[in-house]
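Look at the structure shown here, and then follow the text through a strand, its partners and some pairs of charged side chains.

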Amino acid sequence: MRRLSLRARLLLFTAGLLLAGLSLAGAVVADQLERYQLGRLDGQLRSLTALVSSVPAPGPPDLADAAARPGLLAQGLDVFGSPYLVYLDAGGAVAASVHSPRMAAATLPRLEDLRAVPADASAADLPAADGSGRWRAVARPATGRGGTVIAAAPLAEADATIARVRASSVISGAVLLVLLTGAGWFALGRGLRPLRRIEHTAAAIAGGDLSRRVPVLAPPGTEIGHLAASLNTMLGQLERAFADRAASEARMRAFVSDVSHELRTPLFVIKGSAELHRMGALASPADVDEAMRRIDREATRLTALTEDLLLLAQLDEGADEQLDLAPMDLRTLANDARHDLRALDPARPVEVTGPDGGPPGPAPVHADEARLRQVVANLVGNAAAHTPPGTPVRIGVGTADGRAVLDVADEGPGMTAEQAGRVFDRFYRTDRSRDRSVGAGAGLGLAIARSLARAHGGDVELRTALGEGARFRLTLPLLNP
């Protein structure tokens, strides 16, 4: 059964139910018809026995004389529906009997069967003497005399009628079953057509076409409509999941490539300097000192890169575990950033304002001060590294839209939309024409700044355009009093 298709199984199940229903309906109709036939015949027999048994003494009528006139007898018995009438005396002997001339004597019930019929006007079934059929008999005691009046009628006509009804039910039921089964086959095929289209869509997706969707096969309120909508939602999520996985793998490959490149450069310098010393190429003490300075510089750069990568990995695994939170105010970081920027470039104009350019305002937060200093240092260092010397920088601090804000805005060359979209990516650096520093960083500063800000429940946003400078805004939740 499991090897059959859903269409075949549904059709077999439906045909089975239909067959059971038709059989039950035919049986009920035949049973009701049989009850009606027997009830009508029993009523006729009771009426005749009641009429004959009520004839006063010295009756009953001379049945023998009546038998001498068969035409009259047949008409009378047929009117009462009883082709056989018997009068038994008190001893049970047949005192008189008469039957329709249309009935052969061999087809009548046996005398011992007639004597067994209860004389309470209840009907009983009797077999014919020759076994050719059944009879229905009713007996009543004769009024005013001993004896019993029995009226009997054959059931051949009633049985034939019931047999014809049953045969008609079987034939019509078989024809109806065949017709409805054929109609059900085509109806189920049409009804299951949406499932076949869903199957084809699933096969296409399994073949690699993740953009395929189940077409609109039915109104949204139907079962097929609900199924199609649910499948399309699931397929969209699967496509996004595969796309995210592919993008993650691409980022991972790029990350590994960038890390390898960033680590290779200082390692080559260190190894090259060591090789020169080992080969005796560093003859003078000045050459040795210069090689040691290069080794120290590249080792410092390698250490900083390793620490940045370790910090990013820790933030990716669990940012909350890396923070030591305490109440503080961003104004402290803004003032310190102004001093740091002036130390880097004394000729650069630096001012501390509010976020909108007015006076600076309070910005209380619950944060890790050391980590936020790292964020602000990265933002300030980015402004110093990517703008010409002497370019004005504004540091804004206060509140905006219900959040604590610290801005680092410069009037440098700005960035394109493509650069702004990738500036927070790890190891991403803008073109060298915008890089004013010798020995630029590895491109992790802004990525670390954003990761630390998001670890605090905030973010770092960028607003820039070519020729209009850049504004990096650190936003954090305000300290709850």
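The model is a predicted one.

Start at strand E1, which covers residues 84-88. Five of its five residues are buried, and the strand is mostly covered. Burial holds on both of its faces: Tyr 84, Val 86 and Leu 88 are on one side, with Leu 85 and Tyr 87 on the other.

E1 pairs with strand E2, residues 94-99, through five bridges, and the two run antiparallel. Within this pairing, Tyr 87 has Ala 96 of E2 as its bridge partner. E1 and E2 form a hairpin with five residues between the strands. In this hairpin Gly 92 has a positive phi near 90 degrees.

E1 also pairs with strand E5, residues 148-154. This pairing is antiparallel too and has five bridges. Here Leu 85 stands opposite Ala 151 of E5.

The next topic is charge. Side chains of opposite charge can pair when their charged atoms come close. Over the whole structure, a search finds 24 salt bridges.

One of them joins Arg 35 to Asp 31, with 2.9 Å between the closest N and O atoms. Both residues belong to helix H1, residues 6-53, and are four residues apart, about one turn of the helix. Arg 35 counts as exposed because its relative accessibility is 56%, while Asp 31 is partly exposed with a relative accessible area of 30%.

Helix H8, residues 285-317, holds another pair, Glu 298 and Arg 301, which are three residues apart, about one turn of the helix. Their side chains meet in a salt bridge at 3.7 Å, N to O. Arg 301, at 33%, is partly exposed.

A further salt bridge links the side chains of Arg 373 and Asp 336, at 2.6 Å from N to O. Arg 373 lies in helix H10 (residues 369-385) and Asp 336 in helix H9 (residues 330-344), so this contact ties together parts that are 37 residues apart in sequence. Both are partly exposed: the relative accessible area is 32% for Arg 373 and 25% for Asp 336.

Which residues are linked in a network of salt bridges? They are Asp 42, Asp 125, Arg 134, Arg 136 and Asp 159.

Conventions: Residues are numbered from 1 along each chain as its sequence is written. This is a predicted model: local features need pLDDT of at least 70, side-chain atom pairs count only at pLDDT 80 or more; totals for chains, interfaces and linings use all residues. Side-chain values use heavy atoms; hydrogens and water are left out. Buried means under 20% relative accessible area, exposed over 50%, partly exposed in between (1.4 Å probe, protein chains only). Two strands pair if DSSP finds at least two bridges between them. A salt bridge is a side-chain nitrogen of Lys or Arg within 4 Å of a carboxyl oxygen of Asp or Glu.
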